[in-house]
Amino acid sequence: MALLQERKQEIISDFQIHETDTGSVDVQIAMLTDRISKLSQHLQQNKKDFASRRGLMKMIGHRKRLLAYLMKQDAERYQALIKRLGIRR
């Protein structure tokens, strides 16, 4: 369930911090969130796809670690990002 190049560029342009930014924490979290939502939809239709479920759990864990890192580094940016992505409360 890889992201299409156009979608990836769209996410990068929406969440980049400066014009050459392609791998900041914000961009990584946004890409993971998009992949997680697509994979969640897939798993709702294919309930017995346990290999994809394992991949989903790994992505959720990775996003959780990145969010924890961002919260430690810059709490305001963390709050703005989770509000913008619509994750957590």
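Buried means under 20% relative accessible area, exposed means over 50%, and partly exposed lies in between. The exercises below concern a predicted model.

**Exercise 1. Classify Thr33 as buried or exposed, and list its contacts outside its sequence neighbourhood.**

Step 1. Locate the residue: Thr33 belongs to helix H2, which covers residues 25–45.

Step 2. Apply the cut-off. Thr33 has 13% relative accessibility, so Thr33 counts as buried.

Step 3. Set aside the neighbours within four places in sequence; Thr33 is then in contact with Arg63, Leu85 and Ile87.

Step 4. Look at the side chains. Those of Thr33 and Arg63 are joined by a polar contact of 3.3 Å.

**Exercise 2. Classify Glu10 by its relative accessibility and find a side chain that makes a polar contact with the side chain of Glu10.**

Step 1. Glu10 is part of helix H1, and this helix spans residues 5–15.

Step 2. The relative accessibility of Glu10 is 41%, therefore Glu10 counts as partly exposed.

Step 3. The side chain of Arg7 is in polar contact with that of Glu10, at 2.7 Å.

**Exercise 3. Search the structure for aromatic pairs, then determine which ring the charged end of Arg84 sits over.**

Step 1. Across the whole structure, the number of aromatic pairs found is zero.

Step 2. Turn to the charge. The ring in question is that of Phe15: the charged end of Arg84 sits over this ring, 4.2 Å from its centre.

Step 3. Check the distance criterion: CZ of Arg must be within 6 Å of the ring centre, and the value for Arg84 and Phe15 is 4.2 Å.

**Exercise 4. Describe the fold elements of the protein and the confidence attached to them.**

Step 1. Count the elements: the protein has four helices and zero strands. Read from the N terminus, their order is α-α-α-α.

Step 2. The mean pLDDT of the protein is 94, with 98% of residues at 70 or more.

Step 3. The lowest mean pLDDT, 94, belongs to helix H1, and the highest, 97, to helix H3 (residues 50–73).

**Exercise 5. Summarise the overall dimensions, burial and surface of the protein.**

Step 1. The C-alpha trace spans about 40 × 30 × 20 Å along its principal axes.

Step 2. Of the 89 residues, 34% are buried.

Step 3. Take the contacts with a separation of 6 or more: 49% of them are between residues 24 or more positions apart.

Step 4. The accessible surface is about 6,500 Å², and carbon and sulfur atoms contribute 50% of it.

Note on methods: Residues are numbered from 1 along each chain as its sequence is written. This is a predicted model: local features need pLDDT of at least 70, side-chain atom pairs count only at pLDDT 80 or more; totals for chains, interfaces and linings use all residues. Side-chain values use heavy atoms; hydrogens and water are left out. pLDDT is the predictor's confidence in each residue, from 0 to 100. Helices (H or I, at least four residues) and strands (E, at least two) are DSSP runs, numbered from the N terminus. Rings of Phe, Tyr and Trp (its six-membered ring) pair if their centres lie within 6.5 Å; planes under 30 degrees apart count as stacked, over 60 as edge-to-face and the rest as tilted. A charge sits over a ring if NZ of Lys or CZ of Arg is within 6 Å of the ring centre and within 35 degrees of the ring normal. Buried means under 20% relative accessible area, exposed over 50%, partly exposed in between (1.4 Å probe, protein chains only). Contact means heavy atoms within 4.5 Å. Accessible areas come from the Shrake-Rupley method with a 1.4 Å probe; for residues, only the protein chains shown count as cover. A polar contact is a pair of N or O atoms within 3.5 Å; within protein, one must be able to donate a hydrogen and the other to accept it, and residues adjacent in sequence count only if both atoms are side-chain atoms.
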